[in-house]
Amino acid sequence: MAMHPSLIDPVPEETARVARAAFRKGTLLMRVRDEIGVLYEDAMFADLYHARGQWAIAPWRLALVTLFQFLENLSDRQAAEAVRSRIDWKYALGLELTDPGFDFSVLCEFRARLLAGGQDQCLLEILLERLGAHGLIKSRGKQRTDSTHVLAAIRTLNRLEFVGETLRAALHALAQAALAWLVQHGRSDWAERYGARVEQYRLPKSLAARQALAEAIGTDGHDLLVALLNEREGFWPDRPLAVERLRLVWIQQFYHDGDSVRWREPADQPPVSGRLHSPYDPEARYAKKRNIGWIGYKVHLTETCDADRPHLITDVQTTAAGLADVAMTATVHSALASRGLLPAIHAVDSGYVNADLLVASRVSYALELLGPALPDSSRQAQAGQGFDLSAFTIDWSERIARCPAGQISQSWKEERDERGVAVVRIGFSQKSCNSCPSRVLCSPFKPGCRANPRRLTILEQPAHEALQARRREQNGELWKTHYACRAGIEGTLSQGIRSFGLRRCRYLGQAKTHLQHVCTAAAMNLVRVDAWLRGQPRARTRQSQVVALLAAA
């Protein structure tokens, strides 16, 4: 397909006349065209198309249709039908009333071009630039971030269904890539066993029969892999991805016992977070947070929260389900910096905060990472009595620590812990701890026995001081009042889940899911800008009201 950038014409007169007669107060899409203008231009997508070939539908229109599609939570077919039949869509897209629209498959192709060209973020970034030009968004204000879980677009399978469906997917892929080879090397009973989708109601009920079926499936998959590995010509160098997934699943689920293929016991399997859970979406992973377990991904939303402007989403990150929030803090800051939208205050929950990030955010980006630090996990701090880490005085220049009883440390060793974090290990002498009258408040001991000398493990000076300062200030009322702005992100997540389908994947794979989240965020921004321009108060969900009340309490 080829694309030749052209000027965007005004809305046709007949379309404008009929639209204004039908919608006297206008619609959201009409107001976007009138008040913000055309958001995208053909030149923005020039790199996605060839210079020669059949002319493509104007990409600026496809970008708008994609945005409107997620705005109303429509499927591709429904969006294409809206372009053909709805007057307000024709108005926003600048189409004649008689325009027949296009086939719905064009939208899937356009999304594929965005992903192939590395422009999965462009729909949101361009929108933010346009809104910034209208003064609706600024840098160096307040922003907040939180995450929620996202369910993959797959069936939840038990182990037996999973291995059977994995082998079935591999056989179907081989039938398309090399049917003659599969006919030659396949078995007569494979068509009957793997022709239909593997489902629970078709499986045997007794434990012994299920065990036998599992090992039969394991043997079939092993024989297929051996035949493929022995193939030296033809399609094997370009084997289907389903075959590679079959190999990985068989490693995770089976083992060899002599000449037999055996079913692994649950204790012998890899950790659940590292296993494949679907042959169709191998990137979907299992994770658990508190009492919620899911297979899929995690999405992180960052939005502005300045009182004098609409609250707009400025960054979207889609990650593996089990990736800790703290691993994304620096990524979010880097993304905001690249768009020129770094805040002065970034409000997050404790999952995004650690000592190094408190320092790095201030040094590298000149912003305050506003979030509670995790409490001291030492025995004394958890018990609420005794000398915890905050009770010791650290003299960095002299490389000593002084305990509340006046004892001075004997050893000071700088090294890295098992996670590679730079730490300082400080030790007190056995003699000083034995004779210390406060030893019951410091080191555990049994009557009649010598006390164990106290040992401290602390971070390097900038990180240690930032962490201790945050732990002190986060208990004050002033800090809690300052931090109350973070609660509003819960309402944003609720809006995305309830109105835009944020929690359920439309597509397979992390890249396509991320594009879905980016389009959803851009659509949410349009709704919020429209409400702001019309002077409507911000909608507050019941959840956000409850969160605000709890924060105030």
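I began with Arg470 and Glu473, whose side chains meet in a salt bridge with N to O at 2.6 Å. I note here that the model is a predicted one. Both residues belong to helix H17 (residues 461–473), where they sit 3 residues apart, about one turn of the helix. I then looked up their accessibility. Arg470 has a relative accessible area of 7%, so I list Arg470 as buried. Glu473, with a relative accessible area of 37%, goes down as partly exposed.

**Other salt bridges**

I recorded the total for the structure, which is 33 salt bridges. Next I took the pair of Arg130 and Glu41, with the closest N and O atoms 3.5 Å apart. Arg130 is partly exposed at a relative accessible area of 22%. The cut-off for buried is under 20%, and over 50% counts as exposed. Glu41 is also partly exposed, and I have its relative accessibility as 40%.

I looked at Arg419 and Asp417 as well, which form a salt bridge at 3.3 Å from N to O. Which of these two is buried and which is exposed? I find Arg419 exposed, at 65% relative accessibility. Asp417 is buried, with a relative accessible area of 13%.

**H3 against H20**

I checked how helix H3 (residues 59–71) meets helix H20 (residues 510–533). Their axes come within 8 Å and cross at roughly 80°. An angle of 65 to 115 degrees counts as roughly perpendicular, so I describe H3 as roughly perpendicular to H20. On the H3 side I listed Thr66, Leu67, Phe70 and Leu71. On the H20 side the residues are Gln516, Cys519, Thr520, Ala522, Ala523, Leu526 and Val527. Sorted by class, this contact has 8 nonpolar and 3 polar residues, and no charged ones.

I stayed in H20 for Val518. Val518 is buried, and its relative accessible area is 0%. I set aside the neighbours within four places in sequence and asked what Val518 is in contact with. The list is Asp120, Gln121, Leu124 and Val316. I also looked up the C-alpha separation of Val518 and Gln317, which is 8.4 Å for residues 201 apart along the chain.

Thr492 was my next stop, in helix H19 (residues 489–500). Thr492 has a relative accessible area of 2%, so I count Thr492 as buried. With neighbours within four places in sequence left aside, Thr492 contacts Leu301, Glu303, Ile313, Met524 and Arg528.

**The sheet E11-E12-E13**

I followed 3 strands that form an open sheet in the order E11-E12-E13, with antiparallel pairing. Strand E11 (411–416) and strand E13 (455–459) are the edge strands, each pairing on one side only. I have the twist averaging 25° from one strand to the next. E11 and strand E12 (residues 422–427) pair in the antiparallel sense over 6 bridges. I marked Glu414 as standing opposite Val424 in E12.

**Positive phi**

I ended with backbone angles. Most residues other than glycine have a negative phi. I found a positive phi near 55° at Asn73, which is not a glycine. Asn73 lies in the loop between H3 and helix H4 (76–85). At 38% relative accessibility, Asn73 is partly exposed.

Where does Arg290 lie? I place Arg290 in the loop between strand E4 (285–289) and strand E5 (292–304). Phi of Arg290 is near 55°, again a positive value in a residue other than glycine. Arg290 counts as exposed, at 73% relative accessibility.

Technical notes: Residues are numbered from 1 along each chain as its sequence is written. This is a predicted model: local features need pLDDT of at least 70, side-chain atom pairs count only at pLDDT 80 or more; totals for chains, interfaces and linings use all residues. Side-chain values use heavy atoms; hydrogens and water are left out. Axes are lines fitted to C-alpha atoms, for helices over the stretch in contact, and angles run from 0 to 180 degrees between N-to-C directions. Helices (H or I, at least four residues) and strands (E, at least two) are DSSP runs, numbered from the N terminus. Angles under 35 degrees count as roughly parallel, over 145 as roughly antiparallel, 65 to 115 as roughly perpendicular and the rest as oblique. Contact means heavy atoms within 4.5 Å. Ala, Val, Leu, Ile, Met, Phe, Trp, Tyr, Cys and Pro count as nonpolar, Asp, Glu, Lys and Arg as charged, and the others, Gly among them, as polar. Buried means under 20% relative accessible area, exposed over 50%, partly exposed in between (1.4 Å probe, protein chains only). Two strands pair if DSSP finds at least two bridges between them. A salt bridge is a side-chain nitrogen of Lys or Arg within 4 Å of a carboxyl oxygen of Asp or Glu.
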